[in-house]
Amino acid sequence: MTLRYAELQCRTHYSFLRGASHPAELVERANELGLEAIAITDLDGVYGIPKAFAASREHPGAKLIVGSELTVLGEGLPAAGWGLTLLARDRAGYGLLCRLITASRADKPKGEAGISWEALTQLLERPESRGLFAIPRVPLGEEVPTRFYRELKDRFAERLYLPVSRFLDGLDRERVARSVKLGAELGAPLVATNDVHFHVPERRALQDALTATRHLCPLAEAGRRLFPNGERYLKAPARMAELFRDLPEAVENTVKIAEACRFSPAELRYRYPSEWIPAGETAQSYLTRLTWQGAERRYGGPPPEDVRRQLEHELRLVEELQFADYFLTIWEIVEFARSRDILCQGRGSAANSAICYCLGITAVDPVRMKLLFERFLSAERGEPPDIDVDFEHDRREEVIQHVYSRYGRERAGMVSAIITYRTRSTLRDLSKALGLQPETAATSPLFEKLAAELKGFPRHLSIHSGGFTLSADPLIETVPIEPARMEGRTIVQWDKEDLAVIGLLKVDLLALGMLTALHKTLALVQDSRGTPLTLATIPAEDPPTYEMIRHADTVGVFQIESRAQMSMLPRLLPKTFYDLVVQVAIVRPGPIVGQMVHPYLRRRRGQEPVVYPHPALEPILGRTLGVPLFQEQVMKIAIVLADFTPGEADELRRAIGAWRSTGSIEKVGRRLMDGLLASGLPREWVDRIFLQIQGFSEYGFPESHAASFALLAYASSYLKCHYPAEFACALLNSQPMGFYSPHTIIEDAARHGVKILPLHPNRSDWDCTLEAGALRVGLRVVRGLGEAAARRVVEERGRAPFRNLSDFLSRTELGFGVLQALAMGEAFACFGFDQRQALWEILAGRALAGSAVPAPDAQLELFAGTPDREAPRLFAPLTDYQAIQSDYRSYGLSVRGHPMGALRALLGKRIPPTTTQAAKQVVTGRYLRLAGLVIVRQRPPTAKGTVFATLEDETGFLDLLLHKEVHERYGEIFAESPFILVAGEIQRDGNSVNLIVKKLERLALPDSARLDVGSRDFH
């Protein structure tokens, strides 16, 4: 006789610190043990179902049952709640389960759940409840009054089962007797369960550590919070039959329930919202009409023949795969943004689609760029496309709330992100749980074992940067929705990988700071110069713009402003838009690891011939000089020379993307190599290109993505070149964003001839502004001053200008910290006070305000400073460096000049006279000493221990390169010292200049000369 058993209560690690096994581990183990079925019943959620479903397709022996254990709250129930496991019999029952979970999470703090008895029973009145089995917990003692069980019996009838468990902990007799007695009273059958929390006994130690972590106590103090033994693991049917030989029906009922549960996640198909499609139109007909109308606008009339063919091909495929609703949804969101004057632009693989281009979702013409549509969508893949759209970062919330408003909270939810245990969080939590010091935890064998097991476990739920999933039907019947920590946001319980497993569509509404800065720049150009300018009307291929780019004069521009990009620009020397596409893509780990960078540069300079081993390669690799820089090129090579279909080529691309984690691309990679060799390509070339392809697994750009970003890189470069004041002003008003701090943006603008005006209580707004071409610093830079308080200052000033310091203080009522920052930033110079005098007056005023003694008439003139009369000087003035230092403490920047200029005057010959600008003029190999401020520190994983930095002074920047041994020798000084003295050799590569650092030391400053300045380190 074959023994049969189904485990109906299993918690995975998605019960968040309450389970010690991955969903896949439980499914695989159930399959190994020959279980009839396994139910995944995480606490108040279905977080682990997609991964369990994926594993069940690989291991179909044990049927997957979907369920959850709800925490039920109510008067008469335990304060911590009462557990009720619900299992989905059918699709309707699963939908109700999702509604119940949503109700349990609604209006609760992040991470908490519990459905009231009243809400539970009300929802169970719905007819869909017939699609659920119920297994309530039967705790020892009398914590749960019998009336609750009776009401459940009335609701579920024969679908209510009472659990019996034997954990060999000395309490089994009492535990089983309690369930048997209650079952007899209710007429409810028993069902065996092991209340599984881990798939094998060896995980018991990790389960205990997670419990201690959840209770914020070390294991030694956890006591009865821990399970008394390790019995809550998956057991074989024979073992369960042995444990319940006196209650065989309890084991048999597990199989009875499993056979009745017919629901599978494969049934989760949903319709995209389409109620706003015009009457008489289908989604496909409406999309087709909008696409051809858009094509007329894009091309100024009927589109060219090659565009027409591409559009027809794409529209046929969209209809075949039934994705028209998806395209229309994205189009509607983009149209809403444009109706609100919110800049937006699609990016990523969507830029490969001519439909997206004609709908105005993307800005790159994929036909003219010869981009491959199958990189975006293919029939063989059969998966939904992925369209990412960037919006202005300070206005994206308007778009998000529009989506919620248009589709409703029951039909729209943002995608979750699962925060998993990494090295630092593992060390923190496990060391506390084990009672170890973090410094020595790694020496413990137990810690090492548990840390390996804990890797990748979910720690808590977060929110995706911009992913949304939408549905025409109630989304909360497909996946539960819960509140996010951010106000006004609700999220589904699955992340983007989970959605892909289930086959649900996702839209990405992303935030991009550069779009904000570009919009503000264009508005300032219009306001200050009367020049109407849009992204679409920026002149193309502007020679002065490319001249600026070739000199790496790109502080603040999009994508090509980083240290690595600025180092590459003088080597690549972009002259055209496509050069910018290459520039954006080439400074990435993929091309670097794939050894593509140097061959491309040598061929571009004419130092190496461009050779194509096969004539078919020239049309594919011609624009990149025979070097494959983009994913689409690899796909085209596979199609043309290895007989891949477009869909199979995309499978190759996906396999390459997974190479890093799997270690190989298995049969698809071998097929590519065999196909290339069969086409007559030499083995040496095939091996080299395979190495280059492997580099893409380290993160490489698709050509469409690089082109989308290059558009913004060019637009921002053009505006910086021709409107430096407006561009700098917009950058400052768009912070936080970009690569550089406001002080670097200010210094760069000044080097470009922009006059910088100091903060002024009667002229500065919250934002920085332009005054007759000069840039006036805004109140936003004042440390400690919030926007609301700053706008109250501006509003009060609007009633009447501030007459003097006394008037300012009495009418603004700002806190002392903000007043101190304003005083020491010399904001009150317009009232006749320098920094120290202004602070003295403020302190004296506070003292008088707190005194009960009437002030004599003489002291009423304390704040006599006015714009027309300078107050008597009581203190020695600050030196130039002290004034800059004080500005940085108050604002994080100074309009007086770069601190290195003042330090040269302060320290004299202790600072080498060589500047960064002078260093760039000397020949390769010249040994130099110079000093400066470190504003960037980087250690790329592809650099084999080499560290890079950017040194700034009053004349500009110089790149530093520290080889591993030099960094190890001077690492502490390098990491902790803002100002450094460096010595080394100049290295030139074309027009790119680096200093190879040999020696490094702190720039000796007196304690009083410390500067509070930030840098971008190791990002």
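Arg 550 is buried in this predicted model, with a relative accessible area of 19%. The cut-off for that class is under 20%, so Arg 550 falls within it. The residue belongs to helix α20, which covers residues 543-550. A polar atom of the Arg 550 side chain lies 3.0 Å from the backbone oxygen of Pro 574.

## Salt bridges

Side chains of opposite charge can pair when their charged atoms come close. The structure contains 63 salt bridges. Three of them are set out in the table below.

| Pair | Closest N and O atoms |
|---|---|
| Asp 498 and Lys 51 | 2.6 Å |
| Arg 602 and Glu 608 | 2.8 Å |
| Arg 811 and Asp 807 | 2.8 Å |

Asp 498 and Lys 51 form a salt bridge with a distance of 2.6 Å between the closest N and O atoms. Asp 498 is part of helix α18 (residues 496-502) and Lys 51 is part of helix α2 (residues 49-58), so their pairing ties together parts that lie 447 residues apart in sequence. The two partners can also be described by their accessibility. Asp 498 is buried, at a relative accessible area of 1%, whereas Lys 51 is partly exposed, at 28%.

In the pair of Arg 602 and Glu 608, Arg 602 is partly exposed, with 34% relative accessibility.

Arg 811 and Asp 807 also form a salt bridge. Both residues lie in helix α34 (residues 805-812), and because they are four residues apart, about one helical turn separates them. Asp 807 is buried, with 8% relative accessibility. Through salt bridges that share partners, Arg 811 and Asp 807 belong to one network with Glu 795, Glu 796, Arg 799 and Arg 803.

## Strands and their partners

Strands of a sheet pair through backbone hydrogen bonds, either parallel or antiparallel. Several strands of this model illustrate these arrangements.

Strand β10 (residues 388-392) has five of its five residues buried, so the rest of the structure largely encloses the strand. With strand β9 (residues 344-347), β10 pairs in the antiparallel sense over four bridges. Within that pairing, Gln 345 has Asp 390 of β10 as its bridge partner. With strand β15 (residues 507-512), β10 pairs in the parallel sense over five bridges. There, Glu 392 stands opposite Leu 512 in β15.

Strand β6 (residues 132-136) is mostly covered as well, with five of its five residues buried. In a regular strand the side chains alternate between the two faces of the sheet. In β6, Leu 132, Ala 134 and Pro 136 point one way, while Phe 133 and Ile 135 point the other way, and all are buried. Strand β4 (residues 82-88) runs antiparallel to β6 and is joined to it by five bridges. Leu 87 stands opposite Phe 133 in β6.

A further group of three strands forms an open sheet, in the order β16-β18-β17 and with mixed pairing. β17 and β18 (residues 774-776) pair in the antiparallel sense over three bridges. Thr 769 stands opposite Arg 776 in β18.

## Cavities

The structure holds four cavities of 30 Å³ or more. How much space lies in the largest cavity? The largest cavity holds about 80 Å³. Its lining consists of Val 555, Lys 720, Pro 724, Phe 727, Ala 728, Leu 731, Ile 745, Asp 748, Ala 749 and His 752. The elements giving two or more residues to this lining are α31 (724-733) and α32 (742-751). Helix α31 provides the largest share, four residues. By class, the lining of the largest cavity has seven nonpolar residues, one polar residue and two charged residues.

## The start of the chain

Thr 2 is found in the segment before β1 (6-7). With a relative accessibility of 64%, Thr 2 counts as exposed. The C-alpha atoms of Thr 2 and His 393 are 62 Å apart, and the two residues are separated by 391 residues along the chain.

Conventions:
Residues numbered from 1 in each chain as written. Predicted model: local features only at pLDDT ≥ 70, side-chain atom pairs only at ≥ 80, totals over all residues. Heavy atoms only, no water. Salt bridge = Lys/Arg side-chain N within 4 Å of Asp/Glu carboxyl O. Buried < 20%, exposed > 50% of the residue type's maximum accessible area, 1.4 Å probe, protein only. 1 Å grid on protein atoms, 1.4 Å probe; cavity = no way out; pocket = protein on both sides within 12 Å on 5 of 7 lines; lining within 4 Å. Points joined across faces, edges and corners; volume = space filled by probe spheres on them. Nonpolar A, V, L, I, M, F, W, Y, C, P; charged D, E, K, R; others polar. Pairing = 2+ DSSP bridges. Polar contact = N/O pair within 3.5 Å; in protein donor to acceptor, adjacent residues only side chain to side chain.
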